[in-house]
Amino acid sequence: MNPRRPVALATQVGPIELANPVATAAGTAGHGAELAAYFDLSELGALVVKSLCAAPWPGNPVPRVHPLAGGMLNSVGLQGPGIPAWIEHELPALERSGARVIVSLWGTTIDDFARGAELLAAAPPFVVALEVNVSCPNHAEGGKMFAQSPAATAAAIAAAAAARRPLFAKLSASAPDLVEVAGAALSAGAAGLSLINTLPAMAIDLERRRPVLGAASGGLSGPALHAIAVRSVFECRRAFPTTGIFGVGGVLRGEDAVELLLAGADAIQVGTATLAEPRAALRVLRELIAWCERHGVAAIRELVGAAQSEFLPDQAPARPNITNC
Ligand SMILES: Cc1cc2nc3c(=O)[nH]c(=O)nc-3n(C[C@H](O)[C@H](O)[C@H](O)COP(=O)(O)O)c2cc1C
């Protein structure tokens with residue numbers, strides 16, 4: 001009898017190689033090695049740490065989180081210790097954990113992105129890439145986040161080049177034209193895309209007749225976001241066949257990861273699920289492997305973009321034929 005070969009898990013996301021396609025999503029796994037208390041972080045493809053900026057940042061007023069039927073709202077507001085303190089206090093434990101680290105960078109001005117990137121240039125090589133968070137709904141000046149403008153997104157990416165490592169633009173499905181913004185990020189030097197951040201959303205406390213969150217508005221995440229993430233990945237993969245893509249949004253089970261891979265993600269990130277279950281990303285990886293075994297998939301790369309195959313270049317519209325009505 002032929003013993004079955006293990007599923008080949010390695011994947012490539014733009015220029016970075018990962019041992020497997022499951023990572024944590026920024027803001028849901030801490031700034032450092034917090035999750036190492038629950039499992040061996042080197043078992044994941046990568047650990048994306050919570051978004052940081054150059055200086056410490058206090059975040060938003062409480063309450064900052066609110067559960068919903070289809071997921072949750074958060075308005076954490078990017079609370080963080082600042083990059084120098086992160087390098088001093090969090091990086092050593094991250095190094096000991098053996099994780100491949102992707103650090104997320106945010107700012108309220110283009111200068112912030114440049115300053116943060118310059119500080120991150122000093123990070124050691126196990127920090128394999130930067131995710132440039134231009135899409136936080138809790139930091140949208142005048143209601144407009146960087147990721148709603150191709151020019152502002154391109155400027156933030158260009159500023160982040162000072163970090164001297166591959167950049168992934170973390171984008172929002174609330175952009176008027178996601179593919180246009182993604183194209184601007186890639187033209188400005190991004191090596192790939194992380195799709196998608198939370199969507200701006202709100203809940204009202206009926207008794208107080210006021211918004212539930214201290215900041216009034218927040219970001220929607222979890223299962224309610226999943227189909228939007230799938231469409232975002234599908235559209236961007238169609239438009240940029242060779243760019244690196246992380247699929248993010250509502251991954252609770254291995255099947256959700258399979259769906260994002262089929263849409264065109266090279267790897268996926270697990271966010272909200274980790275808040276309720278710290279080992280969620282590892283469970284998703286195991287469920288993904290089990291799915292591949294049940295379906296005779298020998299290598300993860302067989303799945304990447306496979307749902308695009310009916311849109312062959314000579315038959316397909318320039319953009320997927322998906323309408324909103
Ligand atoms: C509590 C919380 C904090 C988050 N903080 C960040 C952050 O610091 N930077 C960022 O780019 N995304 C942040 N996100 C967005 C997630 O990384 C992810 O893009 C989004 O939640 C969708 O994935 P999910 O449905 O698996 O949570 C946060 C999400 C949550 C729920």
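Biologist: In helix H7, the residues Asp-256, Ala-257, Val-258, Glu-259, Leu-260, Leu-261, Leu-262 and Ala-263 are buried. What makes H7 largely enclosed by the rest of the structure?

Modeller: This is a predicted model, in which local features need pLDDT of at least 70 and side-chain atom pairs count only at pLDDT 80 or more, while totals for chains, interfaces and linings use all residues. Residues are numbered from 1 along each chain as its sequence is written. A residue is called buried if 20 or more other C-beta atoms, placed from the backbone, lie within 10 Å of its own, exposed if 12 or fewer do, and partly exposed in between. Eight of the 10 residues of H7 (residues 254–263) are buried, so the helix counts as largely enclosed. The buried residues of H7 pack against S3, helix H6 (223–239), strand S15 (244–248), strand S16 (267–270) and H9.

Biologist: Why is Gly-80 called buried?

Modeller: Gly-80 has 23 other C-beta atoms within 10 Å, so it is buried. Its place is in the loop between strand S6 (71–74) and helix H1 (83–89). Leaving aside residues up to four places away in sequence, Gly-80 touches His-31, Lys-50, Ser-51, Leu-52, Cys-53, Pro-56 and Trp-57, where contact means that the C-beta atoms of two residues, placed from the backbone, lie within 7 Å.

Biologist: Which peptide bond has an omega of about -10°, and where is Pro-63?

Modeller: The bond that joins Val-62 and Pro-63 is cis, with omega about -10°, and Pro-63 is in the loop between S4 and strand S5 (65–68). The bond from Leu-195 to Ile-196 is cis too, with omega near 20°, and Ile-196 is in the loop between strand S10 (192–195) and strand S11 (199–201).

Biologist: How do you know that S7 and S8 pair?

Modeller: Two strands pair if DSSP finds at least two bridges between them. Five bridges join strand S7 (residues 101–105) to S8, so this pair passes the cut-off, and the two strands run parallel. Leu-105 has Val-132 as its bridge partner in S8. On to strand S9 (residues 167–171), S8 pairs in the parallel sense over four bridges, with Val-132 opposite Ala-169. Strand S8 itself (residues 127–133) is mostly covered, as six of its seven residues are buried.

Biologist: What makes S3 and S4 the edge strands?

Modeller: Eight strands form an open sheet with parallel pairing, in the order S3-S16-S15-S10-S9-S8-S7-S4. Strand S3 (22–24) and strand S4 (47–48) each pair on one side only, and they are the edge strands. S4 is joined to S7 by two bridges, which just reaches the cut-off, so they pair. Leu-47 has Val-101 as its bridge partner in S7.

Biologist: What makes a set of residues a nonpolar core?

Modeller: It is a set of buried Ala, Val, Leu, Ile, Met, Phe, Trp, Tyr and Cys residues joined through C-beta atoms within 7 Å. The largest such core here has 105 residues, and those with the most contacts inside it are Val-132, Ala-160 and Ala-185. Helix H9 (residues 280–294) gives the most to this core, with seven residues. Ala-160 touches, among others, Leu-105, Phe-113 and Val-132. In soluble globular proteins, nonpolar side chains tend to be buried together.
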